[in-house]
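Take a look at the protein below. This report covers its lining residues, its overall build and its charged pairs.

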Amino acid sequence: MSEVTPQEATDAFLQDLSGGDQQTTMEYMDNRYVNFLENVKGTDEEMDRLEEALFKNFSYEIKETAEKNDVAVAKVIIKNCDFSGIVDSYEKESYTYVTENLYSDDVINKEKLNKKCLDIYLDQIEKTAEGEPSFESEVFIPMHENGYGGWRIILNDDIMKTILGELEIPTNE
């Protein structure tokens, strides 16, 4: 059995995440952001659009790793588009759509309205992804030994938010 280093584990995780690897996303489904990426109600085509746009300009550089006993941490520089304004743009666009179509069947029909709102959200993300990477941040990715010669990333919402260029997930509030 080969021993995987913390650097290799971090690299594999970030490659798999940005490549949409199903095994990786299922492993981290308890993370709010990963769950969002996997469970947004949309067609496969819409989900592909979302994933492609979010990771279009994504890159990373593992600066260093440190380990002690059964824990390790990787210092990673993340570059991506700045998606921090997406929710505000989405809320404005969706509000405009709803008010302009207040009496149409598309607004009354929840399925059609949800589809239109998802389309507006995807459009906002895709517009942002068309630009050059404008977000850069340092993130520390902790991990623990998995007992099988490898490392498991300890993933929290702050790490995923940084990976996704400060993307805010829309809420029902």
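## A cavity and its lining

Sort residues into classes before you start: Ala, Val, Leu, Ile, Met, Phe, Trp, Tyr, Cys and Pro count as nonpolar, Asp, Glu, Lys and Arg as charged, and the others, Gly among them, as polar. Keep in mind that this is a predicted model.

The count gives one cavity of 30 Å³ or more. The largest cavity holds about 30 Å³ of space. Leu-17, Thr-25, Leu-37, Glu-38, Glu-51 and Phe-55 line the largest cavity. By class, that lining has three nonpolar, one polar and two charged residues. Helices α3 and α4 each supply at least two of the lining residues.

## The whole chain

The protein chain has eight helices and four strands. Along the sequence they follow the pattern α-α-α-α-β-β-α-α-α-β-β-α. The C-alpha trace spans about 65 × 30 × 25 Å along its principal axes.

Of the 173 residues, 39% count as buried. The chain exposes about 10300 Å², and carbon and sulfur atoms supply 44% of that area. Among contacts with a separation of 6 or more, 72% come from residues 24 or more positions apart.

## A residue in a loop

Lys-41 sits in the loop between α3 (32–39) and α4 (44–55). Its relative accessible area is 79%, so Lys-41 is exposed. From Lys-41 to Asn-69 is 28 residues in sequence and 42 Å in space, C-alpha to C-alpha.

## Salt bridges

Side chains of opposite charge can pair when their charged atoms come close. This model has 12 salt bridges. One of them joins Lys-115 and Glu-46, at 2.7 Å from N to O. This pair links distant parts of the chain: Lys-115 is in helix α7 (residues 110–129), Glu-46 is in helix α4, and they are 69 residues apart. Lys-115 is partly exposed at 47% relative accessibility, whereas Glu-46 is buried at 7%.

Lys-56 and Glu-130 also form a salt bridge, at 3.1 Å from N to O. Here, too, distant parts are linked: Lys-56 is in the loop between α4 and β1 (59–68), Glu-130 is in the loop between α7 and β3 (135–145), and 74 residues separate them. Lys-56 is partly exposed at 43% relative accessibility. Glu-130 counts as exposed at 57%.

A further salt bridge pairs Glu-64 with Lys-75, with the closest N and O atoms 3.9 Å apart. Glu-64 lies in strand β1 and Lys-75 in strand β2 (residues 71–80), so the bridge ties together parts 11 residues apart in sequence.

Definitions and conventions: Residues numbered from 1 in each chain as written. Predicted model: local features only at pLDDT ≥ 70, side-chain atom pairs only at ≥ 80, totals over all residues. Heavy atoms only, no water. Buried < 20%, exposed > 50% of the residue type's maximum accessible area, 1.4 Å probe, protein only. 1 Å grid on protein atoms, 1.4 Å probe; cavity = no way out; pocket = protein on both sides within 12 Å on 5 of 7 lines; lining within 4 Å. Points joined across faces, edges and corners; volume = space filled by probe spheres on them. Contact = heavy atoms within 4.5 Å. Areas by Shrake-Rupley, 256 points an atom, 1.4 Å probe, with all protein chains shown as cover. Salt bridge = Lys/Arg side-chain N within 4 Å of Asp/Glu carboxyl O.
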